[in-house]
Amino acid sequence: MSASNLFLTSGTADKKAYVEMMGAMVDAIASAMDHPKAYAGMGPYELRAAVHTDELLPEKGCGFEAILEEVKARILPNLVRPMSTDYMAHLHSAVLMESIAAELVIATFNQSMDSWDQAPVATEIEVEVIRNLCKMYGYDENSDGVFTSGGSQSNLSGLLLARDWFCNEKCGHDVKKSGLPADFRKFRMYSSEVAHFSMEKSAHLMGMGYEAVVKVPVDSNMRMDVAKLRELIEADIKAGNKPFCVAATVGTTDFGSIDPLAELRQICDEYGMWLHADAAYGSGVVMSEKYAHRVAGLAKCDSITVDFHKMFLLPISCSASLIRDKRYFDALTIHADYLNREEDEEDGYINLVNKSMQTTRRFDALKVWISFRMRGRDGWSEMITKCIDNADYFYSILKKRDDVEVVVAPEISSVVFRLLPVPGSSEDADTMNKRIRRKLLHHKGVVIGQTVCNGNVCLKFTLLNPLQSTAKLDELLDLILSLR
Ligand SMILES: *Cc1c(COP(=O)(O)O)cnc(C)c1O
């Protein structure tokens, strides 16, 4: 592996170097798995010192063998291992093996999804995958979608189309051409108080600011309270504001709760509003034969955020933004002489940049194409069902205890709970729950989540790993209880 091998080409020496380099890295990765815990334990100061380097760009390069040794010594051992059943802090998943192989194709050929001539077969595959996804979520042939970098971008994309739709169709104003209308401060969108912060971020990026986001209270199941939503919309209309969108959450980040889509659809129709579904988490539920009915309402939403790098177990990044009526993608279309010429498009060349906020973009659709076809409905249903069943089980064992409080029965695969101090302890519950999470991270190699609910510090299990077992969940609970 000499420095003269720059690229994988048709040359024999390049092919050999490629196979050797990939092989050596694969071996190093496999060996790193000899440490079974989710995290090796170093704290931030120690880790910072361990990776400190004065010379990112040394005078003379050290060669691949030497850098591989450094990667083995300093980096691989300190990575968190989302594939571990001790890892359940966030919506951050293990990745399916075939999708890692897909990443090798994606990186090696480096197709860029903006124009057909940079990604011919990749464009056609993404179009195929999107068409099938639309069908899977109950959309008809007028729908469309595009792959994005993640749920945050998919949300921004959906909300932007919502705003432009509203301005075009309800106010006769073209935002794309003229910018925000004079009364933009009156625009209001509604999401629940436990919705993702990308709602506020999107409102800011769209020039309307956080004040445009009305936080709707949730019911005791952490779902948007529809009666409160109606009151808030009525009050806004009375005050001269302009409600344009409800952003429902299908699987809230902390609780996995699902807003009542059928009722929200009715309200949106009544008031002439767009219904966006942030299903970054809950989009995966559609794969479970047993639980798919919980997200059936997605079919009635005007736009859907799907994340494949959460429940779907595919490598970051992998997400899609789906739109019920493809005409509204026009908001993101702009033609450039060098890239997406209209004359080519008339001849059948598809330039996906026309639907995307990104220009240069990864061929992430390949991971979905490979993994869906390889595992099929059966394989997928089994994996997703297992995760949801695990959450049900964990909830049921917590529910039986009087020294643990559980916030809400899980609708997907997250369980939020808090330990109560043993009687006579001088430590308050918040301090104790925080202490236990840190202890697990640094001393037990176990990575779990922490959040705040109703003002109380809580712990969280996000169960995305189909290899997780009820026996292991019992064991983890015992471990946690022993740390009180
Ligand atoms: C994770 C998440 C997002 C953000 O998605 P990214 O892929 O991290 O950008 C948005 N909404 C919800 C409900 C999420 O759980």
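Me: Is the crossing of H1 and H3 left-handed or right-handed?
Reply: Right-handed. Helices here are DSSP runs of H or I with at least four residues, strands are E runs of at least two, and both are numbered from the N terminus.

Me: What kind of model is this?
Reply: A predicted one: local features need pLDDT of at least 70, side-chain atom pairs count only at pLDDT 80 or more, and totals for chains, interfaces and linings use all residues. Residues are numbered from 1 along each chain as its sequence is written, and side-chain values use heavy atoms, with hydrogens and water left out.

Me: Back to the helices. At what angle do H1 and H3 pack?
Reply: About 20 degrees, with the axes 11 Å apart. H1 covers residues 12–32 and H3 covers 64–75. The axes are lines fitted to C-alpha atoms over the stretch in contact, and angles run from 0 to 180 degrees between N-to-C directions.

Me: Which residues meet there?
Reply: From H1, Met-21, Ala-24, Met-25 and Ala-28; from H3, Phe-64, Leu-68 and Lys-72. Contact means heavy atoms within 4.5 Å. Six of these residues are nonpolar, none is polar and one is charged. Nonpolar covers Ala, Val, Leu, Ile, Met, Phe, Trp, Tyr, Cys and Pro; charged covers Asp, Glu, Lys and Arg; the others, Gly among them, are polar.

Me: New topic. How many helices and strands are in the protein chain?
Reply: It has 14 helices and twelve strands.

Me: And Ser-371, buried or exposed?
Reply: Buried, at 0% relative accessible area. Buried means under 20%, exposed over 50%, partly exposed in between (1.4 Å probe, protein chains only). Ser-371 sits in helix H12, residues 365–399.

Me: What does Ser-371 touch?
Reply: Leu-96, Glu-98, Leu-314, Gly-376 and Trp-380, leaving out residues up to four places away in sequence.

Me: Where is the cis peptide bond?
Reply: Between Ile-316 and Ser-317, with omega about -5 degrees. Ser-317 is in the loop between strands E7 (303–307) and E8 (319–323). Most peptide bonds are trans.

Me: What about phi at Asn-110?
Reply: Positive, about 45 degrees, though Asn-110 is not a glycine. Asn-110 is in the loop between helices H4 (97–109) and H5 (120–136). Asn-110 is exposed, at 60%.

Me: And where does Asn-454 lie?
Reply: In the loop between strands E11 (447–453) and E12 (456–462). Asn-454 has a positive phi of about 50 degrees. Asn-454 is exposed, at 69%.

Note on methods:
A crossing is left-handed if the near helix is turned anticlockwise from the far one by less than a right angle, and right-handed if clockwise.
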